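Biologist: I am new to this structure and would like to learn how to read it. Could you walk me through it, one feature after another?

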Amino acid sequence: VTQTGTGNDAGVNQIGATGGTDSTITQNGDQNAASVTQSGDNNNSTISQSSASPASEDPMNSATVAQRGVDGDLTIDQAGDSTASITQDTGSVDDDAFVGQYGADNSASLYQNGDSQAAGVIQIGNANTASVSQTGTGTDPALPTLAEVLDGEADGAGIAQVGNGNIASVSQSGADGGSAVAQLGDGNVASTNQTGTSDTAFSAV
């Protein structure tokens with residue numbers, strides 16, 4: 001845990017780890033907050049928050065992470081006035097999550113419960129909102145890259161939004177479901193809901 005500035009807050013709670021569980025929090029700026037709770041084996045969490053916004057704005061960056069299960073990986077990188085909340089629930093195996101938010105008033109929410117699921121969110125701009133919920137099993141735990149998201153080749157769920165006031169929502173239930181959303185511009189709305197097995201979806205604006 002490394003904090004620089006005023007009003008920074010960090011809380012890490014690791015429970016029941018048998019090895020390989022670690023957490024790294026780096027905060028630079030004003031009024032940043034991060035909380036991590038990990039339970040199980042081989043969990044990893046990295047949160048880096050930096051804000052150039054005035055100290056009068058509240059909140060600045062905020063990240064909340066709860067991992068329960070095994071082999072859960074998480075990386076959150078926020079610059080500006082953004083919030084992120086991720087939960088990888090009990091019974092999850094080989095889950096991966098990535099959230100990158102750069103701008104102001106961006107919000108990302110991820111929930112994963114199942115096997116070998118991956119989610120990647122990157123938001124550049126202001127007032128963007130991304131929501132991902134996955135329940136089921138998958139075949140590839142690899143984390144989607146931005147290139148895979150833009151090409152529609154992301155496994156699990158991938159959201160990329162560049163602009164202002166964009167909203168993207170992905171909900172998957174079942175096995176081997178994959179979805180990728182890419183939105184460029186302002187005021188775009190995308191919603192994907194998949195239930196079943198071997199489903200794929202791609203939306204680009």
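Modeller: Gladly! Let us begin with a term: helices and strands are DSSP runs, numbered from the N terminus. With that numbering, Ala-127 sits in the loop between β9 and β10. Please keep in mind that this is a predicted model.

Biologist: What is the phi of Ala-127?

Modeller: Ala-127 is not a glycine, yet its phi is positive, at about 60°. Ala-127 is partly exposed, with 40% relative accessibility. Another residue to look at is Asp-105, which is not a glycine either and has a positive phi near 60°. Asp-105 belongs to strand β8 and is exposed, at 51% relative accessibility.

Biologist: How many helices and strands does the protein have?

Modeller: The protein has one helix and 15 strands. Of its 205 residues, 42% are buried. The protein exposes about 8300 Å², and carbon and sulfur atoms supply 49% of that area.

Biologist: Now the inside. Which residues have the most contacts within the largest nonpolar core?

Modeller: First the general idea: in soluble globular proteins, nonpolar side chains tend to be buried together. Here the largest nonpolar core has 24 residues, and Ile-47, Ile-76, Ile-86, Leu-110, Val-132 and Ile-159 have the most contacts inside it. Elements that give two or more residues to this core include β4 (33-41), β7 (73-93) and β12 (167-175).

Biologist: Is Asn-61 buried or exposed?

Modeller: A residue counts as buried when its relative accessible area is under 20%. Asn-61 has a relative accessible area of 0%, so it is buried. Asn-61 lies in the loop between β5 (44-50) and β6 (62-70).

Biologist: Which backbone atoms lie by the side chain of Asn-61?

Modeller: Look for two polar contacts. The Asn-61 side chain reaches the backbone oxygen of Ser-50 at 3.4 Å, and a polar atom of that side chain lies 3.4 Å from the backbone nitrogen of Ser-82. Setting aside neighbours within four places in sequence, the contacts of Asn-61 include Gln-31, Gln-78 and Gly-80.

Biologist: And Ser-62, where is it placed?

Modeller: Ser-62 is in strand β6. Its relative accessible area is 22%, so Ser-62 is partly exposed. Ser-62 and Ser-82 are 20 residues apart along the chain, with 6.7 Å between their C-alpha atoms. Among the residues that Ser-62 touches, not counting those up to four places away in sequence, are Ser-82, Thr-83 and Ala-84.

Biologist: Last, the surface. Which residues form a nonpolar patch there?

Modeller: The patch consists of Ile-124, Val-162 and Leu-184, which together have about 250 Å² of accessible area. Ile-124 lies in strand β9 (residues 118-126) and is partly exposed, with a relative accessible area of 38%.

Definitions and conventions
Residues numbered from 1 in each chain as written. Predicted model: local features only at pLDDT ≥ 70, side-chain atom pairs only at ≥ 80, totals over all residues. Heavy atoms only, no water. Patch = residues over 30% accessible without salt bridge, like charges linked within 9 Å, V, L, I, M, F, W, Y side chains within 5 Å. Areas by Shrake-Rupley, 256 points an atom, 1.4 Å probe, with all protein chains shown as cover. Salt bridge = Lys/Arg side-chain N within 4 Å of Asp/Glu carboxyl O. Helix = DSSP H or I, 4+ residues; strand = E, 2+ residues; numbered from the N terminus. Buried < 20%, exposed > 50% of the residue type's maximum accessible area, 1.4 Å probe, protein only. Polar contact = N/O pair within 3.5 Å; in protein donor to acceptor, adjacent residues only side chain to side chain. Contact = heavy atoms within 4.5 Å. Core = buried A, V, L, I, M, F, W, Y, C linked by side-chain atoms within 4.5 Å.
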